[in-house]
Amino acid sequence: MTRVRPLTPLAVLATLLVTVAATLTVAATPARAAPSVVRVSGSQGAWQLTVDGSPYTVKGLTWGPPVGEAVARMPDVRAMGVNTVRTWGTDGTTRPLLDAAAANGVKVINGFWLQPGGGPGSGGCVDYLTDTTYKQNTLTEFVRWVNEYEAHPGVLMWNVGNESILGMQNCFGGSQLEDQRVAYVRHVNEIARAIHAADPNHPVTSTDAWTGAWPYLEAHAPDLDLYAVNSYGAVCDVRRDWEAGGYTKPYILTEGGPRGEWEVPDDANGVPREPTDVEKRDGYPAAWNCLMSHGGVALGGTLFHYGTEQDFGGVWFNLLPGNERRLSYYSVARTYGGAAPANTPPVISAMSDLGDVPAGGTFTVDVAASDPDGDPVSYALMVNSKYIDNAGALVPASFTGGDPFTVTAPDRLGVWKLYVYARDGRGNVGIESRSFRVVPPSVPGTKLSQDKPTTASSYQAQGDGAPFLPTLATDASLATRWASDWSDPQWIQVDLGSVQSFDHVQLVWEAAYGRAYEIQSSDDGASWRTVYATTTGNGGVDAVDVAGSGRYVRVHATQRGTGWGYSLFELGVYRR
């Protein structure tokens, strides 16, 4: 985490005065500037976008920061050579963004969101055949904001919907899917017609995630002025698809850049291999060059993404993760003819591949990094558990050393990602990542519990993957597990067959772990002795050294660590 020294009260006052003055200046700008007239003109294969009669190629970025940061950030956007930003929603909070854009000679593609977006997780599933209330509400709401902003000089065009034609496959199937897609596009066209009636001076488009949406637009949305597509690894196929489809309208790219998680091959650990920083840098001009090779048809695009988040998706795509400029930032600026940089980020040219790592153990990471300007490079390491629990956050890794680094692995099983940050102290960063798999530490000696009779207080008989039987905790497979009812207390016990001495117990928890539990032994299965107890369990792998004996070994759990029950991949009893 980058720490910023607090400003003195005088500096705070000065900053506040400058900010207020800038805000007042920006706020006054729209009153002085006239609204632009934007047209899609020309004929088949020879179109162009014009603003007030002058040709205009969209050289854009998708916009990610809060609207409240627009005043501070828009000069940077403009300095990159960007003339357009794209949003996904337009409402009562939009004016400050339009004001800041117009004040810096930037225009906005104003988006309107329609469900389902990219799928149910992006807004739910609407029945466009029967839900007249939703359709009327969105029509009314969108036209309301068109009326509010149509005279603003920051407006370039209106964009209705995002990836919903493709996203409907997550809501419907068969002939119903086809009917819903047609009904959705007809609603888009109804909105486009209403927008034109309210604002004849700005074009209307509609975005989807693949060119397979365009036949629907061609057949059922004649009131659109142009098409739009989000395309990453397939952007160089868009021209071919347009020519093969015989379409009669031009298009813009509304998202594009290096290949996404859904397009790359899996690595040795079975998860998508994230492109390197250098590959991402090169992906932006490659996408732009493919797009603009379609002269007279492709009218420009907005590359993805002017964002500052440094979570999983932010590190994959953002030009400014954590407000630090990376190679991709400068690559886009160079592509758009922006200002030449005075300093550029460190370049990570190599990072060692990682494989299986014992839970809580250490592993070594080699990184080759250099700074083109000779600046000293400092490092930070982060980990992410998305491929275990869908978490987006990156958290600091525990590590020592400098190159190579010695990293302590988390104790939770599964495939993690390790990120290496290389910083130059000048606001620039290089980021590289690799996946690694956390596995249980190997235990020497004899495993007394393997495939022995195992019983429990309860087990889940229903649910995806059920039944989760007690015997699945002693079958030596980390692909199977026991899971209890969602209540306290619960127990699971293994019958070793005869009285045995043991000195180690390994518990490999699924996400549903025990916070408070005891490990007990018994000669007869009725009278129990406690050999270990904890009230601070945190899941992952518990490797417990004990001194015990008995025919039966039991885990008696009294407090769950989650709202679920208890779940063990493995209950291992050992004599070393």
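Guide: A polar contact is a pair of N or O atoms within 3.5 Å; within protein, one must be able to donate a hydrogen and the other to accept it, and residues adjacent in sequence count only if both atoms are side-chain atoms. Here, the side chains of Asp495 and Arg551 are joined by one of 2.8 Å. This is a predicted model, in which local features need pLDDT of at least 70 and side-chain atom pairs count only at pLDDT 80 or more, while totals for chains, interfaces and linings use all residues. Residues are numbered from 1 along each chain as its sequence is written, and side-chain values use heavy atoms, with hydrogens and water left out.

Visitor: What is the mean pLDDT of the protein?

Guide: pLDDT is the predictor's confidence in each residue, from 0 to 100. The mean for the protein is 93, and 94% of its residues reach 70 or more. Over residues 1–32, pLDDT stays under 50.

Visitor: Is Asp495 buried or exposed?

Guide: Buried means under 20% relative accessible area, exposed over 50%, and partly exposed in between (1.4 Å probe, protein chains only). Asp495 counts as buried because its relative accessibility is 14%.

Visitor: Which residues does Asp495 touch?

Guide: Contact means heavy atoms within 4.5 Å. Leaving aside residues up to four places away in sequence, Asp495 touches Lys452, Pro453, Arg551 and Tyr552.

Visitor: Where in the fold is Asp495 placed?

Guide: Helices (H or I, at least four residues) and strands (E, at least two) are DSSP runs, numbered from the N terminus. Asp495 lies in strand β25, residues 490–509. The protein has 12 helices and 29 strands.

Visitor: How many residues does the protein have, and what share is buried?

Guide: It has 576 residues, and 49% count as buried. Its C-alpha trace spans about 90 × 60 × 50 Å along the principal axes.
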